[in-house]
Amino acid sequence: MSDAAFLSLEKLTLAYGDTVAVKDLDLSIRKGELVAFLGPSGCGKTTTMRSIAGLLSPASGAIRLDGADITRVSANKRSVGLVFQSYALFPHLTVFENVAFGLRLKKLPANEIESKVTTGLKSVGLSKFSARKPGELSGGQQQRVALARSMVMEPKVLLLDEPLSNLDARLRLEMRTELQRVQKETGVTMIFVTHDQGEALSLADRIVVMLNGAIEQIGTPEDIYNRPTSRFVADFVGFENIFAVEGGKLKAGNGPLELSGSLPPDTAGLAWRPRMVTLGSGPFQGTVRGASFSGSTREYLLDTPLGAIKAEEDAALAARETGTAIAFDLPVDKAARLKKFG
Amino acid sequence: MKPRVFTPLVLFLVIGFLIGPFFIIVAASLSGGETLAFPPQGFSLQWVAKVFTVESFRESFAISMLLAIGGTAAALVLGVPASYALSRYKLPFGETVRTIVSLPIIVPGIIVGLALLRYIVVPFGFNITLVLFLAHTALVLPYAVRVVSASLNNLRSDIEEAAVLLGSSRAGAFFRVVMPNIRSGILAAFILGFVTSFNQVPVSLFLSGPGVRTLPIDMLSYMEITYDPSVAALSALLAFMSIGIVFLAERFLGFSRYV
């Protein structure tokens with residue numbers, strides 16, 4: 001465990017009854033990081049988040065926060081904030097009282113509560129709405145109230161459950177900027193859960209891709225997008241041509257194919273985005289099966305001995321007719337090298 | 001018959017059937033005659049005035065009020081936590097419990113009353129007021145559970161988790177964020193329970209003893225002896241009381257959402 005770890009999950013196993021949702025998860029997060037838990041539904045990302053919040057106690061393993069073991073600390077004493085996907089505002093309280101809720105429980109003096117809530121609401125641009133009830137606000141405004149409500153508590157870690165998924169495109173951009181600003185200004189460690197790779201790529205410093213209750217890959221958005229290390233991640237971020245490699249040979253279609261150039265021995269697979277496929281020259285032969293025009297590019301579906309290949313070319317180039325034979329290459333140096341192929 | 005005529009006619013008959021008796025009672029209670037009759041003979045307020053002078057009415061009214069308020073309150077004390085547990089947790093036999101709780105609605109009151117008398121009051125010599133109170137609590141419980149469950153189901157459970165993460169205890173979260181949001185449901189349940197208990201006849205019929213009689217039972221036995229319009233006057237007064245309560249409930253709580 002590095003000294004920089006602010007929040008660490010150690011061999012964390014989480015279960016609902018007999019169903020294990022997360023198994024032996026190890027993860028360490030630095031102070032002030034903005035981390036995304038990315039994965040399809042059921043991958044354990046929300047479960048992991050809930051256990052960090054203390055809403056679910058682990059079957060085994062430990063959670064450490066800021067040097068202290070908080071595994072058995074109850075949720076109301078963890079200084080972990082959570083912005084729920086549904087916002088979970090208290091419908092019977094005004095916006096002001098929603099934000100003041102936690103501060104009142106802390107029994108802070110009234111003037112201090114007043115000034116903290118005022119500042120909090122101002123920072124999310126909702127000063128004018130303090131007397132309203134949550135039901136009178138739009139979804140985006142409700143979310144900002146929820147954000148302010150968590151932030152006035154000055155949590156050590158702020159968790160956000162699908163923070164952008166309920167917002168429309170314009171609000172999404174606004175909220176994304178808002179979250180980055182809050183994170184920058186307060187330096188709070190943030191973890192958000194999402195199933196949307198675009199959301200994770202644009203917002204996070206680091207992405208934790210999860211699948212079936214385990215971490216599939218951890219890396220910067222660039223790492224995840226350009227250098228996926230598993231078949232699942234490659235597929236998830238848009239590498240559409242994925243092949244297994246065995247003994248340095250590509251396992252595809254009619255049998256193993258020799259590759260130009262050598263591969264590290266731990267390579268289990270190779271993956272190419274459609275635009276990484278070279279068309280018009282190369283050792284492989286295929287037939288154009290279909291084409292689709294998408295403005296700046298043209299996408300082709302090729303029938304090849306390797307199976308179906310998706311390729312993409314600049315739309316400025318002449319269109320290739322369906323049915324024509326074509327040579328192509330899958331350049332090994334451009335490919336993502338997958339260490340895990342399962 | 002054309003639907004244009006038929007539909008309003010049916011509507012008129014149904015409404016007449018439902019509220020017609022109410023007008024008959026009101027008219028009969030204002031009668032100037034000596035016996036309960038319709039159409040009334042003449043006009044007077046003497047029977048309305050007499051209601052307040054009959055001592056047994058005063059006593060049984062007090063008992064009915066006490067039962068209605070106390071029984072409903074007790075049903076809510078049991079019913080609110082039960083509804084909460086049933087709606088928030090996946091309990092083993094949860095559905096069975098829900099069914100058992102609603103049994104008093106299904107089983108005819110006359111059977112409940114007879115059973116309580118025959119197997120509880122007589123063999124164990126239980127205090128009849130106590131059994132009456134327990135019976136009314138049990139009778140109101142299904143309404144309490146149903147109405148409170150409805151408002152709990154409309155309330156997202158994550159607000160409790162939100163409260164906990166803001167520093168509240170689990171119990172604190174219940175009182176701070178759940179209770180305030182189901183308050184109108186609880187009030188609605190109270191009113192429904194109160195009216196149910198107050199108008200209850202079959203169970204109370206069996207659970208009467210010396211000096212212990214609910215108002216409807218007392219009215220029944222009064223009528224067996226004295227056939228004057230004061231019973232009609234009392235009925236009219238009670239009907240006005242119920243209408244008043246339901247009107248206020250609808251006005252302030254949107255009562256009809258819960259029933």
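In this predicted model, F293 of chain A stands opposite R298 of chain A, which lies in strand β16 of that chain. Local features need pLDDT of at least 70 and side-chain atom pairs count only at pLDDT 80 or more, while totals for chains, interfaces and linings use all residues. Residues are numbered from 1 along each chain as its sequence is written, chains are lettered from A in the order in which they are written, and side-chain values use heavy atoms, leaving out hydrogens and water.

**The sheet in chain A**
- Strand β15 (residues 278-293) and strand β16 (residues 297-304) of chain A pair in the antiparallel sense over six bridges; strands are DSSP runs of E with at least two residues, numbered from the N terminus, and two of them pair if DSSP finds at least two bridges between them.
- These strands belong to an open, antiparallel sheet of four strands in chain A, with the order β17-β16-β15-β18.
- Because β17 (307-314) and β18 (325-329) of chain A each have a single partner strand, one side of each is left without a neighbour in the sheet.

**The nonpolar cores**
- The largest nonpolar core has 138 residues, of which L147(A) and L330(A) touch the most other members; such a core is a set of buried (under 20% relative accessible area, 1.4 Å probe, protein chains only) Ala, Val, Leu, Ile, Met, Phe, Trp, Tyr and Cys residues joined through side-chain atoms within 4.5 Å.
- Helix α8 (residues 170-198) of chain B gives the most to this core, with nine residues.
- A second, separate core of 14 residues includes F57(B), A68(B), F198(B) and A233(B).

Key: Buried means under 20% relative accessible area, exposed over 50%, partly exposed in between (1.4 Å probe, protein chains only).
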